[in-house]
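Hi everyone, thanks for making time. I'd like to walk you through one structure today, so please have a look at it first.

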Amino acid sequence: MQKEEALKKVSEYLVTQFEIPSEKINPEAHLFKDLGMDSIDALDWFAAMHSEIGLPIIEKELKMIRTVQDVVDYVVRNLK
């Protein structure tokens, strides 16, 4: 998956699953500070992506994710 496609998919999840306004979503947006997510939201989100698109859950890497770009990079790196 390319970065542009991953960003689109990540943005769609944020809008549909968490009702975050699309204008708030950009690669630099911090998931917790800017978008109002919490750790439970993040885990639910990754579980949904695992179920829907087969994204592997790599706990060590998930702990490092803070921004939308971090999520995009994780998706590109782990969904081949």
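This is a predicted model: local features need pLDDT of at least 70, side-chain atom pairs count only at pLDDT 80 or more; totals for chains, interfaces and linings use all residues.

Residues are numbered from 1 along each chain as its sequence is written, and side-chain values use heavy atoms, with hydrogens and water left out.

How confident is the predictor? pLDDT is its confidence in each residue, from 0 to 100. The protein chain averages 93, and 100% of the residues score at least 70. Confidence is lowest in helix 2, residues 39–53, with a mean of 89, and highest in helix 4, residues 68–78, at 95. When I say helix, I mean a DSSP run of H or I with at least four residues, numbered from the N terminus.

Let's stay with helix 4. Which of its residues are buried? Here buried means under 20% relative accessible area and exposed means over 50%, with partly exposed in between, using a 1.4 Å probe and protein chains only. The buried ones are Val68, Val71, Val72, Tyr74, Val75 and Asn78. They cover an arc of only 160° around the axis, so they sit on the same side of helix 4. That arc is taken from the directions from the helix axis to the C-beta atoms. And what covers them? Helix 1 (3–18), helix 2 and helix 3 are included in the cover.

Take Val75, in helix 4. Its relative accessible area is 2%, so it counts as buried. A contact, by the way, is heavy atoms within 4.5 Å. Leaving out residues up to four places away in sequence, Val75 touches Met1, Ala6, Val10 and Leu55. Val75 and Lys9 are 66 residues apart in sequence, yet 9.5 Å apart in space, C-alpha to C-alpha.

In the loop between helix 3 (59–62) and helix 4 you'll find Thr67, buried at 18%. In the segment after helix 4 comes Leu79, which is buried at 14%. Not counting residues up to four places away in sequence, Leu79 touches Met1, Ile53, Gly54 and Leu55. Its C-alpha is separated by 7.4 Å from that of Pro56, 23 residues apart along the chain.

On to the largest pocket, with a volume of about 210 Å³. Which helix gives the most to its lining? Helix 2 does, with four residues. Helix 2 and helix 3 each supply at least two. Among the lining residues are Phe32, Phe46, Ile57 and Arg66. By class, the lining has eight nonpolar, one polar and three charged residues. Some definitions for that part: on a 1 Å grid over the protein atoms alone, a pocket is an open set of points where a 1.4 Å probe fits, with protein on both sides within 12 Å along at least five of seven lines, and lining residues have an atom within 4 Å of a point. Points are joined across faces, edges and corners, and the volume is the space filled by probe spheres set on them. Ala, Val, Leu, Ile, Met, Phe, Trp, Tyr, Cys and Pro count as nonpolar, Asp, Glu, Lys and Arg as charged, and the others, Gly among them, as polar.

Last, the exposed residues. Lys8 is in helix 1 and is exposed at 54%. Glu19, in the loop between helix 1 and helix 2, is exposed at 70%. Glu19 has a positive phi of about 55°, although it is not a glycine.

Methods
pLDDT is the predictor's confidence in each residue, from 0 to 100.
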